[in-house]
Each structure stands twice: as C-alpha cells, then as structure tokens.
Amino acid sequence: MKQEQLDLLAQNGILVTTSVKDKDIDDIDGLIKKMKEKNLLILDSKSLHDVLGFEYSEGDFKIIPSKNYGGEKSTSSPQGWVDYFNDRFEQLRNLLIARLNGNLRAISISNIKSIPQGGEVEIIGMILDISISPIKKYTIITLEDKTGTCKVISKNIGEELVKDQVIFVRGKKINDAIFIDEINLPDIPIKEETPNQADDVYTVFLSDIHVGSTLFAEKPFNRLVSWLNGSIDQFSEISKKVKVVVLNGDLVDGVGIYPEQEGELSIKDVIEQYNYLYEILDKIPKDKKLIITPGNHDATHIAEPQPQLDPYFAGKLYNLENAIFLSNPSSFNVVYDGVKRNILLYHGFGLMYYVNTIQKYNKMRNEDIASIMTLQLKSRHIAPTHGSTQIMPLKHDYLVIDETPDIYATGHVHNAFISRYKNTVLVNSSCWQLQTKYQKKYGIFPQVAKAPIVNLKNKHAFTLDFLNEEIGVFNGEKT
Ligand SMILES: [Fe+2]
Ligand SMILES: [Fe+2]
C-alpha cells in the first residue's frame, strides 16, 4: 500500500496490521467504505479477504464463489427448525418444478380429498416414511407437505429413495391412497458440452491432509508440492497448467477428534498444526490458487454448513495471498476463455450415514461412495435424510444443491476415485494420512497420496499417485 493509502486508512480509524501493509490495493475508497459497512476497525489478512469478497480475477481468468455460508447465526428453536425445513422444501420444490419444465399440476395434500375416486393426482412432498408391505412387496411411502400427509403406493419404484427426499408423484386416487404411475426426483440435468478453444487448465483435488498426525504422509505431500512448483520433471507439462488446487477439509488432524487420538499426534496444538501446514503450502507457486474449506477435523463446529476456517486457529493460513477460504459445503465457478465450470465442494461427513445405513454400500468401495454422491445429486441435497449429518438450522439451507455442478468433489472417506453421473465428474480426493488405529479397528483401508486432477477445458480427469518416489498414474484400484 502507498503511504497516502495508509494515511487515509488511519484517518478513518482503521488499524493496518503488518501482514497486509505490502498488499496492493486498487480501490482504497471502496475498501474503506466496505470496512465501515461491516464495522471493521482492523485491516488484517482475514478482514481484507472478507471485505474483498474473495473473488479472484487475473486477466480473463476468474474464480467466483457461488455458494458460501458466511457464518450467520442459527436459532436452534422450534421456529428455527420450521423456517429451515420450509426453506429446504421450497428450494427443492422449485427445482422439481424447473426439472419438469413447469409441466405439472401439483396440488396440496389437503386438497386430495376433493379429487374423485380414480382421479389423477399430482403432488410434491417430502418423504416422511417408507416401508415395504410384507406380502405383495408394495412400497408404501408417506408423503408430507405444509398441509398434511398422505400415503402413496407403488409396485416398482425404480429409484433409490430415502427419508426426507422431496419428490414428485403422479398417480390415481384409490380409497385414501395414491397409486403411483410416475415418480420424479429433483435430479440434475445433463450439462451439455460445447466444443471450445480454451487452454488446458487443471484443477487438483486434495483433502484429508491431517497435518499434526504421526501418520501424516509428509514425504508424499512434499513430493506433490515439489511437483506443483516445477522441481519434478515427471508430468511437468501438467503441473505447469495447474491453476487451482482444492483443499477440501481435514487440513489438520485436530485435537480430541476421536478416541485415543493423542497417541497419534506429532503436533498436539491445533494452531501449531495450521502453522506447520502454512509452511508447506507457502511453497506452492502463488499463481496457483488454493481453495481451502474445513472438514470435521478442523477447528470449527461440526454442524453443517461449516464456515470458512477460523482465523483464531488458522490465522497463519490467511497470510497465503493465493488462498481463497470458503465454507463446507461451498461452490465456485472458474471462468476463462469462454469456459465456465461450476465446482461443488463437500468434505463428506454425511457420506458415512449412507455407508452405515444402506447395506449394499457398507464395504465403502469407490463405486459405493460414487453411488451415495449420485444419490445426493439426484436428491439435490448434500444430506437428503435429516440426521445423516449434523445441521445448523439456518433460514437458508446451504445444503441444497441449487446449481448443477460440472465437478462434485468430496473427501472424508479417504478413498481415491473419479467417476461420473450424467456429465458431472465425481471426485473423492484420497488422503495424506496412513491408516490410523481407529480405521484399522473398523477395517477401513485409506487410499493415500493420490491426487485426482480435472482439466477444466474438457472435464477429462485422471489421478496421479504421489505415494512412491516415482509419480505414476493411479488406476483407481482399491487395495
Ligand atoms: Fe479425513
Ligand atoms: Fe473428515
């Protein structure tokens, strides 16, 4: 900052910390105005990041956050939960209406009584309960909207349904129930690809680094960082074109996260864990932008959405000038050369609920996790079943998948895979921590030090393996 800019900030009663004194600010008047609007009196790395709205642009290359929970407070009162569920229902209802091109005549459940026997009925409702009749194996669903509940019945559902999804059904009224002819989930549309002349731009997906754990795979992680800064020849034509590196939660191992964790910690202070991570990430060239989001091991509340990393604990990371801090879940668009890619990030804590409750997924194979992510996309919700993860009851439900992502990335389960649903790339981004005692006890085998990479030009995807001296292409086998 120029001296006159520093003087102007001082005249406006704003204290400037040394960490930002050297930053170039184009619009100092705009910055002062925004700081006053937010009642901020100290300009440090965190407030600068917040006030500038995290949007990053360099030439025509832009990163624009599109979903980001800003940390507003929730009211965990009965009314708070009612407001939360109403918002969730309305958002999903609107997505269903859009999916069916408005081509529906859905009525409120309370109005079913005015439909004659045998008449056609269309409803949009939230699944309150699902059961299978013991003899004829009919699926019986109790649907709910703001006006009441009703039973809908089908012989062949043809869709994977779970409690609390919002669905559309069309059927015939017989006695007090609806016999289903058609059922629709909000689902995502296929994102059509149009040919483009854009350059190759790679995004690397990382998560679950678990710095501070004795099992942190530090050598492989440093190998990845060396590869990103051009010190390794293998695949260097790719590393040169990496412009975005995602760190999708569980950046550090935290403290007191799981039973007897202390014996597996090499750094026992969470601030020191973030400081150590800073030293490593600082070696990544600054033209590669870091998108940093929290997970369940990070120093914030576990209920979702989780806000961006808390500067009290992770303050050192805010000194990384190439870092953009977002919430969990969050999404952002990368825009360049006429290409626009939407990337949805979710750390993945809620994936385990479906691993544990849907028997066919309990082996946690890569295809099982991909199926759960597909279930989320079809439901247009990160946690379709209430209770699958802890929720902050906010007035706006950030867990609704309101945009169709080009890439949906998760972590948490420490698997490494790339899959696809429709034209959306599904990624689970491995981990940088060897098997813990806790994982061993539950038979969980992590896939360590793999980095899924997606070319934003054409959504081609592959995974590089950094576990051994020789970097290789990872074939996705789970060992
Ligand atoms: Fe993790
Ligand atoms: Fe996790």
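Residues are numbered from 1 along each chain as its sequence is written, and chains are lettered from A and ligands numbered from 1 in the order in which they are written. Because the model is predicted, local features need pLDDT of at least 70 and side-chain atom pairs count only at pLDDT 80 or more, whereas totals for chains, interfaces and linings use all residues.

The protein has twelve helices and 21 strands; these are DSSP runs numbered from the N terminus, with helices (H or I) of at least four residues and strands (E) of at least two. Its radius of gyration is 24 Å, close to the 23 Å that the globule rule gives for 479 residues, so the protein is as compact as a globular protein of that length. The radius is taken over C-alpha atoms, and the rule is 2.2 Å times the number of residues to the power 0.38. Along the principal axes, the C-alpha trace spans about 80 × 55 × 50 Å.

The domain assignment, which is automatic or from a database, gives domain 1 (3–53), domain 2 (104–184) and domain 3 (202–473). The centres of domain 1 and domain 2, taken over C-alpha atoms, are separated by 56 Å.

Buried residues make up 41% of the 479 residues. A residue is buried if 20 or more other C-beta atoms, placed from the backbone, lie within 10 Å of its own, exposed if 12 or fewer do, and partly exposed in between. A nonpolar core is a set of buried Ala, Val, Leu, Ile, Met, Phe, Trp, Tyr and Cys residues joined through C-beta atoms within 7 Å. In the largest such core, of 107 residues, Val246 and Leu290 touch the most other members. Helix 11 (residues 366–379) gives the most to this core, with six residues. At least three residues of the core come from each of domain 2 (104–184) and domain 3 (202–473). Apart from this core lies another, of six residues, among them Val20, Leu31, Met35 and Leu48.

Strand 19 (residues 450–455) is mostly covered, with five of its six residues buried. Strand 19 pairs in the antiparallel sense with strand 10 (residues 202–206) over three bridges and with strand 20 (residues 461–465) over five bridges; pairing requires that DSSP find at least two bridges between two strands. Ile453 is the bridge partner of Val204, while Pro452 stands opposite Thr463 in strand 20. Strands 19 and 20 form a hairpin with five residues between them, and Lys459 in the turn has a positive phi of about 65°.
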